[in-house]
Amino acid sequence: DTHEGGAKAQRFREAGLWRADPPPPQGERFLAYNFSEPPEVAARRAEYARRGLSAANVDVHLSALEAYVAELRDALALARALGRTLLLPRWTCWCDRMWAGSDDIFRFGCMYPGAQDGNFVPFPCPMDHILSPAAWAKAGVGHRDAAFLDTLAERGVRPVEVLLLPRAQHR
């Protein structure tokens with residue numbers, strides 16, 4: 001992101017360590033969608049496993065990002081149509097983010113040089129690995145991170161689950 005305070009605060013929110021936000025406005029309604037592994041990512045991971053290779057690679061990572069953004073587009077459109085604030089899911093990253101063109105993560109199992117011994121890939125993606133918190137704030141896109149559900153649970157708010165079916169299963 002732009003290395004400003006907003007992205008840092010977002011990282012703290014996602015870790016459940018940021019408590020400086022005001023409570024949501026009374027009556028604010030939310031839309032959360034459960035993330036599941038996209039079929040194309042599962043297929044790519046299985047192919048790498050069959051060949052005895054790690055799924056922590058740029059091919060799996062880019063496939064996942066493409067699926068996440070497509071799913072996000074649909075969820076954001078639905079949230080806007082319903083007048084709700086979108087709760088972002090917890091996605092999985094298969095590579096660390098390249099913050100600069102000189103970062104060579106590809107030779108080190110999709111981790112920064114020196115970090116590869118930590119064996120932390122895959123890991124829950126921070127928002128700024130996929131989206132720009134600064135751009136979303138500038139555009140006024142209403143959203144909350146996945147950790148917000150934990151905050152709601154602490155306040156005794158229980159979500160209502162809705163299952164969306166493919167059009168072929170509609171009655």
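**View 1. Ala-20 in the loop between α1 and β1.** Ala-20 belongs to the loop that runs between α1 and β1, and in this predicted model Ala-20 is exposed, with a relative accessible area of 58%. From C-alpha to C-alpha, Ala-20 and Ala-9 are 9.2 Å apart in space, while 11 residues separate Ala-20 and Ala-9 in sequence.

View 2. Gln-10 has its place in helix α1, which covers residues 5–14. Buried means under 20% relative accessible area, and Gln-10, at 6% relative accessibility, therefore counts as buried. When residues up to four places away in sequence are not counted, Gln-10 touches Met-127, Pro-133, His-143 and Asp-145.

**View 3. Helix α3 from start to end.** Helix α3 takes in residues 58–82, a run of 25 residues, and its reach of 36 Å from the first C-alpha to the last is close to the 36 Å expected at 1.5 Å a residue. At the start of α3, a side-chain oxygen of Asn-57 comes to within 2.9 Å of the backbone nitrogen of Asp-59, and just after α3, Gly-83 takes a positive phi of about 70°.

**View 4. The buried residues of helix α3 and what covers them.** Among the residues of α3 that are buried are Val-60, His-61, Ala-64, Leu-65, Tyr-68, Leu-72, Ala-75, Leu-76 and Ala-79. An α-helix has 3.6 residues a turn, so residues three or four places apart point the same way. The cover over the buried residues of α3 includes the strands β1 (30–32), β2 (85–87) and β3, together with the helices α2 (39–50) and α4.

**View 5. The disulfide of Cys-93 and Cys-125.** A disulfide is a covalent bond between the sulfur atoms of two cysteines. The structure holds 1 disulfide, and this link joins Cys-93 to Cys-125 with a distance of 1.9 Å from S to S. The link of Cys-93 and Cys-125 is right-handed, with 120° about the S-S bond. Because Cys-93 lies in strand β3 (residues 92–93) and Cys-125 in the loop between β4 (123–124) and α4 (133–139), the pair ties together parts that are 32 residues apart in sequence. Both Cys-93 and Cys-125 are buried.

View 6. A pair of aromatic rings is described by the distance of the centres and the angle of the planes. The count of aromatic pairs comes to 3. In the pair of Phe-30 and Phe-148, the ring centres are 5.0 Å apart and the planes stand at 55°, so the pair is tilted. Since Phe-30 lies in strand β1 and Phe-148 in helix α5 (residues 148–154), this pair ties together parts that are 118 residues apart in sequence. Phe-30, at 18% relative accessibility, counts as buried, and Phe-148 is buried with a relative accessible area of 6%. Arg-144 lies over the face of Phe-148, at 4.4 Å from the ring centre.

**View 7. The ring pair of Tyr-68 and Trp-91.** The rings of Tyr-68 and Trp-91 have centres 5.5 Å apart and planes at 10°, and planes under 30 degrees apart count as stacked, so this pair is stacked. Tyr-68 lies in helix α3 and Trp-91 in the loop between β2 and β3, so the pair ties together parts that are 23 residues apart in sequence. Tyr-68 is buried, and Trp-91 is buried as well.

How values were computed
Residues numbered from 1 in each chain as written. Predicted model: local features only at pLDDT ≥ 70, side-chain atom pairs only at ≥ 80, totals over all residues. Heavy atoms only, no water. Disulfide = S-S within 2.5 Å. Helix = DSSP H or I, 4+ residues; strand = E, 2+ residues; numbered from the N terminus. Buried < 20%, exposed > 50% of the residue type's maximum accessible area, 1.4 Å probe, protein only. Expected span 1.5 Å × (residues − 1). Contact = heavy atoms within 4.5 Å. Polar contact = N/O pair within 3.5 Å; in protein donor to acceptor, adjacent residues only side chain to side chain. Phe/Tyr/Trp six-rings, centres within 6.5 Å; stacked < 30°, edge-to-face > 60°. Lys NZ or Arg CZ within 6 Å of the ring centre and 35° of its normal.
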